Amino acid sequence: MSPRPCAPPPRHSARLLVRLAPADVALFRFLLEAYENLAFFTVLERKTALLKVVFSPQQEDAVRAALAEIGASVPLTVRDWPFGRPDN
């Protein structure tokens with residue numbers, strides 16, 4: 001059996017907004033890192049713990065599944081990125 005061809009590299013990153021308790025940001029980072037570079041995040045609002053999660057658009061289903069699993073340990077809400085793609 002021959003290996004599957006690789007998908008072409010994405011031209012942009014996908015994003016989601018995540019909000020959680022500020023005290024849970026470190027635990028969220030630890031749990032997200034357990035998914036081996038599936039996504040990374042940056043803090044948009046420190047006081048309210050609003051995070052931008054960035055990932056390959058080809059991995060969106062896996063990222064949403066990972067966030068759902070993390071949500072079992074850390075209460076969080078996930079929202080779609082409201083600002084569109086960077087090339088729009």
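1. Two strands count as paired if DSSP finds at least two bridges between them. In this predicted model, four strands form an open sheet in the order 2-3-1-4, and the pairing is antiparallel. Strand 2 and strand 4 are the edge strands, and each pairs on one side only. Neighbouring strands are turned by 30° against each other on average, with direction ignored.

2. Take the strand 2 side of the sheet. Strand 2 and strand 3 (residues 50-55) run antiparallel and are joined by five bridges. Thr42 stands opposite Lys52 in strand 3. The hairpin made by strand 2 and strand 3 has four residues between the strands. Within this hairpin, Ala49 takes a positive phi near 55°.

3. Now the strand 4 side. Strand 1 pairs with strand 4 over five bridges, again in the antiparallel sense. Arg19 has Thr77 as its bridge partner in strand 4.

4. Two helices lie across these strands. Helix 1 lies across strand 1, strand 2, strand 3 and strand 4. Its direction is at about 160° to strand 2. Helix 2 lies across strand 1, strand 3 and strand 4. Helix 2 runs at about 160° to strand 4.

5. What has the most contacts inside the largest nonpolar core? The residues are Val18, Leu20, Phe28, Phe41, Val53, Phe55 and Val63, in a core of 20 residues. Strand 1, helix 1 (25-33), strand 3 and helix 2 each supply at least two residues of this core. As a general point, nonpolar side chains in soluble globular proteins tend to be buried together.

6. Leaving aside neighbours within four places in sequence, Phe55 is in contact with Ser13, Ala14, Arg15, Leu16, Leu38, Ala39, Glu60 and Val63. Val63 is also listed among the core residues with the most contacts.

7. On charge pairing, the structure holds three salt bridges. Side chains of opposite charge can pair when their charged atoms come close. Glu45 bridges to Arg19, with the closest N and O atoms 3.9 Å apart. A cut-off matters here: a salt bridge requires the nitrogen to be within 4 Å of the carboxyl oxygen, so the Glu45 and Arg19 pair at 3.9 Å qualifies. This pair links distant parts of the chain, with Glu45 in strand 2 (residues 40-45) and Arg19 in strand 1 (residues 14-20), 26 residues apart. Glu45 is partly exposed at 37% relative accessibility. Arg19 is partly exposed too, at 36%.

8. Asp80 and Arg64 form another bridge, at 2.5 Å from N to O. That pair links distant parts of the chain: Asp80 lies in strand 4 (residues 76-80) and Arg64 in helix 2, 16 residues apart.

9. Asp80 has 54% relative accessibility and counts as exposed, because the exposed class starts over 50%.

Terms used: Residues are numbered from 1 along each chain as its sequence is written. This is a predicted model: local features need pLDDT of at least 70, side-chain atom pairs count only at pLDDT 80 or more; totals for chains, interfaces and linings use all residues. Side-chain values use heavy atoms; hydrogens and water are left out. A salt bridge is a side-chain nitrogen of Lys or Arg within 4 Å of a carboxyl oxygen of Asp or Glu. Buried means under 20% relative accessible area, exposed over 50%, partly exposed in between (1.4 Å probe, protein chains only). A nonpolar core is a set of buried Ala, Val, Leu, Ile, Met, Phe, Trp, Tyr and Cys residues joined through side-chain atoms within 4.5 Å. Contact means heavy atoms within 4.5 Å. Axes are lines fitted to C-alpha atoms, for helices over the stretch in contact, and angles run from 0 to 180 degrees between N-to-C directions.
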